[in-house]
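Keep the structure open beside you as you read.

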Amino acid sequence: MDWHAQWIQPAENLGDVSPLFEKKFPLGKQVQSATLYITALGVYEAELNGQRVGTYVLAPGWTSYQKRLQYQAYDVTALLQAENTLRVTIGKGWYRGRLPGWEANECYNELHKAPAGMLAQLEIRYRDGRREDIATDDTWTAGESRVRFSELYDGETYDASFVPEKASRSAAVCFHGPYDCLIPQQGEEIREKEQVRAARIFTTPKGETVVDFGQNLTGYVAISLNAHKGDIVELSHAEVMDRQGNFYTENYRSAKAKYCYICKEGPQTYQPKFTYFGFRYIRIDAFPGGAANAKLEDFTAVVVYSDIRRTGSLCCSNQALNQLFANILWGQKGNFLDVPTDCPQRDERLGWTGDAQVFIRTAALNFDVEKFFTKWLADLAADQGADGSVGHVIPNVLGNESSAAWGDAAAICPWEIYLAYGNPDILSRQFASMKQWVRYITTHTRKPYLWTGGTHFGDWLGLDAPSGSYKGLTRDDLIASAFYAHSTDLVIRAGKVLGEDVSEFEALYPRIVDAFQTMYPQYETQTECVLAAHFKLAKDCQKAADQLADMVQKAGTALQTGFVGTPYLLHVLSDYGYCDLAYSLLVREAYPSWLYPVTKGATTIWEHWDGIKENGDFWSKDMNSFNHYAYGAVADWVYGVAAGIVRDEAHPGYAKVTVAPHPDKRLDWLKAALETRHGLVRSEWKKADGMWRYEIETPVDATITISGTAYSVSRGIHTFYSAL
Ligand code: BGC
């Protein structure tokens with residue numbers, strides 16, 4: 001892209017008000033085509049002749065801005081006229097908002113203070129072959145817009161009655177904005193993907209008027225009403241109601257999550273432009289004529305997420321499990337807004353690396369996330385320290401620390417994307433970063449061939465955590481060393497796919513395994529057993545799995561694992577002969593379990609196993625998100641083991657299909673479908689005439705294993721039976 005546009009900003013600092021830039025231009029000749037290239041320091045919305053340009057929400061998206069700032073290209077041919085007005089409003093977005101790292105991290109602090117600048121180049125080609133560009137420069141004007149305040153955590157104030165005085169607009173000022181880091185749009189656009197109608201409106205014991213959308217979701221509310229100029233609509237957002245049935249916002253921490261709309265005269269509709277909320281309920285704090293005047297049909301929730309394509313589905317005879325599957329999907333939708341975030345509601349919403357690596361296998365089954373992760377992993381590599389360190393969050397607004405199982409996203413995520421889609425490009429792009437990460441561990445440990453020392457999140461939120469702590473009892477050094485081995489192993493595998501020399505890592509790997517076995521001959525927690533067996537680090541993996549089964553049973557057939565152990569827990573059980581026990585954990589409804597939140601009415605995945613306790617109290621107010629996808633990672637076991645659609649390293653991207661279903665009598669039937677790059681894979685089983693009946697569809701050659709017997713089949717639909 002050949003930029004000759006100049007970065008522009010308003011002549012004076014407009015504070016919280018979003019600036020509106022404007023350019024008027026006539027067009028004399030016949031236009032063949034016109035493309036608008038545009039980006040901003042903040043988030044922008046462009047309008048050409050009163051029509052919104054494109055459908056991208058919160059453009060230009062979120063990247064590691066110092067190194068990579070995306071610009072977008074829109075075909076605007078159809079919007080042009082003889083006389084044209086191009087208007088662009090800029091909100092704070094991630095660039096200039098109050099993300100938690102801003103105060104602490106110097107270079108981000110600089111970004112934060114950057115002007116609400118924009119850069120645009122409208123390239124017009126005429127039928128006669130000539131080209132004309134309308135580019136940002138000091139012939140544009142800037143002034144206040146109707147967006148009086150906008151911030152991602154705090155919400156938005158929009159004054160529809162505000163009419164800027166002509167005189168208040170002044171010439172925009174050119175400044176030295178960034179060019180070197182500009183890149184074309186790389187991920188999917190964030191879009192308005194779904195609408196959810198308000199389900200009920202009610203009054204709480206405190207007398208608050210609350211609208212329930214019936215679904216915890218991420219996005220914003222569109223309002224439609226007839227009002228007088230100056231009337232006010234004010235809405236607060238919440239995920240849950242408290243024990244007494246009142247509106248509960250304490251778990252949003254400092255995020256105000258408010259939306260204020262000042263009406264113009266007459267019928268009108270509005271939805272926020274530059275912010276989003278994680279919510280199921282809204283409280284009507286102000287409404288024309290009072291909250292009691294509000295009607296259900298005045299409110300529609302607009303669900304916003306990256307434009308990723310749905311690829312997988314799960315369904316079975318157990319309704320609670322079906323609700324869990326739905327919750328997992330909603331967890332992904334709610335947290336795949338350009339960056340895989342921990343949660344969408346409180347003052348965080350960051351690209352936590354640990355959460356992403358925990359959930360990525362499930363993410364890549366539910367939706368096609370190759371492009372999404374290609375972009376995010378490019379940010380991870382861009383933000384990686386010169387010493388190979390990987391931040392806790394990407395984009396790295398928090399600074400350059402590294403924690404085991406979080407930083408390991410550098411190795412795990414590229415590998416999982418490769419296995420899911422079969423395209424080695426992601427490995428070539430990330431290989432240097434993967435190696436750097438492993439070398440970082442090698443040079444930052446106190447004991448060679450292990451990773452000891454450092455500050456880690458441990459088995460985050462494990463149920464064996466001592467009271468008052470977020471960290472489960474699993475030893476930090478054991479987790480760190482286990483992931484050191486795992487990441488080294490993945491570098492070797494990736495290197496082999498790419499034909500790279502991996503002798504350094506091949507020499508390292510057996511030494512890590514040896515050191516691990518010497519250092520950790522015994523396992524003390526469920527997660528320790530899980531890691532030792534799953535990563536094949538134990539001298540006797542069967543013994544580690546036996547111990548795990550025993551611990552699970554002794555805990556009352558219950559899990560105690562946190563973020564680190566949970567994703568592999570059921571896999572270890574079913575891999576080592578305890579499939580029955582794995583199902584017991586899956587279908588368990590009593591606390592703690594995946595289905596416990598379902599029994600409490602959850603419509604998304606909770607951060608804590610006990611976000612709402614059995615007596616109705618909350619776990620805490622400071623770390624209690626009700627939309628945290630991490631524990632939704634269990635879906636990958638349902639696709640991969642229960643339905644048996646296996647991710648096969650020998651045939652990445654399901655180029656050849658392996659299906660090995662594991663039915664369980666507690667379910668009458670189960671269906672899984674996965675749209676792969678080679679076509680639809682479907683695995684279904686049900687009880688029929690005192691037998692298990694399997695129906696398996698494959699788009700390519702497949703190996704199907706039923707009750708231990710393997711069958712080679714070609715593309716098509718195949719039926720099998722086995723004893724119940
Ligand atoms: C986030 C987590 C994250 C964790 C680090 C939390 O505040 O919400 O999901 O992984 O910090 O331990």
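A cavity here is a set of points, on a 1 Å grid over the protein atoms alone, where a 1.4 Å probe fits but cannot get out, and lining residues have an atom within 4 Å of a point. Grid points are joined across faces, edges and corners, and a volume is the space filled by probe spheres set on the points. Please note that the model is predicted: local features need pLDDT of at least 70, side-chain atom pairs count only at pLDDT 80 or more, and totals for chains, interfaces and linings use all residues. Residues are numbered from 1 along each chain as its sequence is written, and side-chain values use heavy atoms, with hydrogens and water left out.

**Cavities**

Two cavities of 30 Å³ or more are counted by this rule. Helices (DSSP runs of H or I, at least four residues) and strands (runs of E, at least two) are numbered from the N terminus. At least two lining residues of the largest cavity come from each of α4 (353-366), α6 (409-421) and β33 (669-676).

For the classes used below, Ala, Val, Leu, Ile, Met, Phe, Trp, Tyr, Cys and Pro count as nonpolar, Asp, Glu, Lys and Arg as charged, and the others, Gly among them, as polar. The lining of the largest cavity splits into six nonpolar, two polar and six charged residues.

The second largest cavity has about 80 Å³ of volume. Among its lining residues are L324, W594, W606, W609 and Y631. That lining has eight nonpolar and three polar residues, with no charged ones.

**Around the ligand**

Which residues surround the ligand? They are D342, R346, E348, W352, D355, W406, F457, W460, F563, E607, M623 and H628, where near means a heavy atom within 4 Å. By class, this shell has six nonpolar, one polar and five charged residues.

| Side chain | Distance to a ligand oxygen atom |
|---|---|
| D342 | 2.7 Å |
| R346 | 2.6 Å |
| E348 | 2.6 Å |

On its own the ligand has 310 Å² of accessible area (Shrake-Rupley method, 1.4 Å probe), and the protein covers 97% of this.

**Strands**

Two strands pair if DSSP finds at least two bridges between them. Six strands make an open sheet with antiparallel pairing, in the order β5-β4-β7-β2-β10-β13. At its edges are β5 (51-52) and β13 (170-171), each pairing on one side only. Within this sheet, β4 (residues 43-48) and β7 (residues 83-91) are joined by six bridges, and A46 faces V88 of β7.

Elsewhere, β17 (residues 200-203) and β18 (residues 209-227) run antiparallel, joined by four bridges. F202 has V210 of β18 as its bridge partner. The two strands form a hairpin with five residues between them, and G207 in the turn has a positive phi of about 90°.

**Backbone exceptions**

Most residues other than glycine have a negative phi, and most peptide bonds are trans. In the loop between β5 and β6, L58 has a positive phi near 60°. P60 lies in the loop between β5 and β6 (69-75) too, and a cis peptide bond with omega of about 10° joins A59 to P60. Another cis bond, with omega of about -5°, links I394 and P395; P395 sits in the loop between α5 (370-383) and α6.

Conventions: Polar contact = N/O pair within 3.5 Å; in protein donor to acceptor, adjacent residues only side chain to side chain. 1 Å grid on protein atoms, 1.4 Å probe; cavity = no way out; pocket = protein on both sides within 12 Å on 5 of 7 lines; lining within 4 Å.
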